[in-house]
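Here is a short report to read beside the structure.

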Amino acid sequence: AIPAFAVPVGHVLAASGRSGPAVGFSWLTAGIVVVGIITLVPLYGLLGAVSAVLAGMSTSLVFSILARRMLALKKPAGLSHFRAGVLLGVATQALALFAFSRFAADWWTLVLVGASGWAAFFPVRVIFQMLSAEEIRLLNRLREVGPFPFRTR
């Protein structure tokens with residue numbers, strides 16, 4: 001979920017002809033991940049690798065703030081609601097990952113633990129009705145196509 005904060009604004013920044021910051025943050029992310037893997041995997045194994053990747057992805061948050069400032073983007077309507085929903089999803093992911101991390105004994109169980117964290121992100125946002133307008137439109141379209149278990153406003 002962390003890159004969700006930076007990908008859209010990164011595309012807008014690149015489309016405006018200023019791809020340098022995105023390239024710089026990509027290299028920074030890669031460096032953090034590589035150094036994290038070199039230092040954390042020998043000590044913590046698979047969980048060290050996961051921690052290194054999460055640390056590297058956290059640069060997306062900083063990049064998002066800087067890119068929005070460079071583009072002089074105004075705060076869109078509903079941004080606070082969207083951010084609160086994403087934070088709720090991230091908190092749910094963290095809770096799921098924390099709860100299931102002790103089961104990550106090999107690569108396959110690590111993938112299952114990661115999938116459980118990933119899968120927890122969206123349903124909790126549906127339950128608390130903290131979806132963006134685009135997500136609500138998507139869910140409504142899916143409901144029109146066939147039976148869909150989630151209700152949206």
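## Fold

The chain has seven helices and zero strands. In sequence order, the pattern reads α-α-α-α-α-α-α. The model is predicted.

Take the contacts in the chain with a separation of 6 or more: 62% of them join residues 24 or more positions apart.

## Dimensions and surface

The C-alpha trace spans about 50 × 40 × 25 Å along its principal axes. The chain has 153 residues, and 27% of them count as buried.

## Helix 3

Helix 3 runs over residues 46-57, twelve residues in all. From its first C-alpha to its last it reaches 17 Å. That is close to the 16 Å expected at 1.5 Å a residue.

Which residues of helix 3 are buried? They are Leu46, Gly48, Ala49, Ala52 and Gly56. These residues cover an arc of only 165° around the axis, so they sit on the same side of helix 3. What do they pack against? Their partners are helix 2, helix 4 (59-70) and helix 6 (107-127).

Leu43, Tyr44 and Leu47 make a nonpolar surface patch. The patch covers about 350 Å².

Tyr44 belongs to helix 2, which covers residues 20-44. Is Tyr44 buried or exposed? Tyr44 has a relative accessible area of 56%. Exposed means over 50%, so Tyr44 counts as exposed.

## Met70

Met70 is found in helix 4, one of the helices that the buried residues of helix 3 pack against. The relative accessibility of Met70 is 35%. The cut-offs are under 20% for buried and over 50% for exposed, so Met70 counts as partly exposed.

Which residues does Met70 touch, not counting those up to four places away in sequence? They are Leu13, Arg18 and Pro21. Met70 and Ala22 are 48 residues apart along the chain, and their C-alpha atoms are separated by 12 Å.

Key. Residues are numbered from 1 along each chain as its sequence is written. This is a predicted model: local features need pLDDT of at least 70, side-chain atom pairs count only at pLDDT 80 or more; totals for chains, interfaces and linings use all residues. Side-chain values use heavy atoms; hydrogens and water are left out. Patches are made of residues with over 30% relative accessible area and no salt bridge: like charges are joined within 9 Å, nonpolar side chains (Val, Leu, Ile, Met, Phe, Trp, Tyr) within 5 Å. Accessible areas come from the Shrake-Rupley method with a 1.4 Å probe; for residues, only the protein chains shown count as cover. A salt bridge is a side-chain nitrogen of Lys or Arg within 4 Å of a carboxyl oxygen of Asp or Glu. Helices (H or I, at least four residues) and strands (E, at least two) are DSSP runs, numbered from the N terminus. Buried means under 20% relative accessible area, exposed over 50%, partly exposed in between (1.4 Å probe, protein chains only). The expected span of a helix is 1.5 Å times one less than its number of residues. The arc is that of the directions from the helix axis to the C-beta atoms. Contact means heavy atoms within 4.5 Å.
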